[in-house]
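Thanks for making the time this morning.

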Amino acid sequence: QVQLVESGGGLVQPGGSLRLSCAASGSIFSIAHMGWYRQAPEKERELVAVITSAGTTNYVDSVKGRFTISTDNAKNTVYLQMNSLKSEDTAVYSCNMKIQQFRGFPTRDAWGQGTQVTVSS
C-alpha cells in the first residue's frame, strides 16, 4: 500500500507564492517520476510539471519561469514552488508518482488527495 499526502495549498494574492509538498509512504522500491497536475472548475485536468528520476523537468508553457518542481528522494517527496501566481492558476493541485513497490514489479500510478490553490485579491 502506498499513500501520497499533500500539503501547502491555500489562498494567496496575485503575485504571491506558495509551496506545495507531496510525500509518499508505504512499500516503495523506486519512483520513476513525480508530477503535479491541476484541474480548474469546468476545465480538463492538465499536467503542470514533471520530474524524472534522472532529474529532467518539464513544464506546461503557462507556468514556465514561475513554477519549479523539485524532489527530496531520500524522503520520497516532491515539491512545487509557485511564484508570481495569477488568478488563472486557481485550481485543485494533485501530485502523481509512478511507483515500483517491489523489484521486478511493474510501476503503478499513485495520487495525492488534492489541495486547493486559490489566487485572488
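Let me begin with the surface: the protein chain exposes about 6,600 Å², and carbon and sulfur atoms supply 47% of that area. Please keep in mind throughout that this is a predicted model. As for charge, the chain carries 11 positive and 9 negative side chains, and the centres of these two sets lie 7 Å apart. Turning from the surface to the interior, buried residues make up 39% of the 121 residues.

Now to the fold. The protein chain has 11 strands and 0 helices, so that what you read along the sequence is simply β-β-β-β-β-β-β-β-β-β-β. Along its principal axes the C-alpha trace spans about 50 × 25 × 25 Å. If we take the contacts with a separation of 6 or more, residues 24 or more positions apart account for 56% of them.

Tyrosine 37 and tryptophan 111 form a tilted pair, with 5.0 Å from centre to centre and 55° between the planes. Because tyrosine 37 sits in strand β4 and tryptophan 111 in strand β10, which covers residues 108–111, this pair ties together parts that are 74 residues apart in sequence. Tryptophan 111 is partly exposed, its relative accessible area being 33%. Phenylalanine 102 and phenylalanine 105 form an aromatic pair that is edge-to-face, at 5.3 Å centre to centre and with 65° between the planes. Here phenylalanine 102 is also partly exposed, with a relative accessible area of 41%.

Finally, I want to point out two backbone positions in loops. Glutamate 42, in the loop between β4 (30–39) and β5 (46–52), has a phi near 65°, which is a positive value in a residue other than glycine. Is glutamate 42 buried or exposed? At 87% relative accessibility, glutamate 42 counts as exposed, since the cut-off for that class is over 50%. Serine 84, in the loop between β8 (77–82) and β9 (91–100), likewise has a positive phi, near 50°, and is a residue other than glycine. With a relative accessible area of 41%, serine 84 is partly exposed.

Technical notes: Residues numbered from 1 in each chain as written. Predicted model: local features only at pLDDT ≥ 70, side-chain atom pairs only at ≥ 80, totals over all residues. Heavy atoms only, no water. Helix = DSSP H or I, 4+ residues; strand = E, 2+ residues; numbered from the N terminus. Buried < 20%, exposed > 50% of the residue type's maximum accessible area, 1.4 Å probe, protein only. Contact = heavy atoms within 4.5 Å. Areas by Shrake-Rupley, 256 points an atom, 1.4 Å probe, with all protein chains shown as cover. Lys, Arg positive; Asp, Glu negative; His and termini not counted. Charge placed at Lys NZ, Arg CZ, Asp CG, Glu CD. Phe/Tyr/Trp six-rings, centres within 6.5 Å; stacked < 30°, edge-to-face > 60°.
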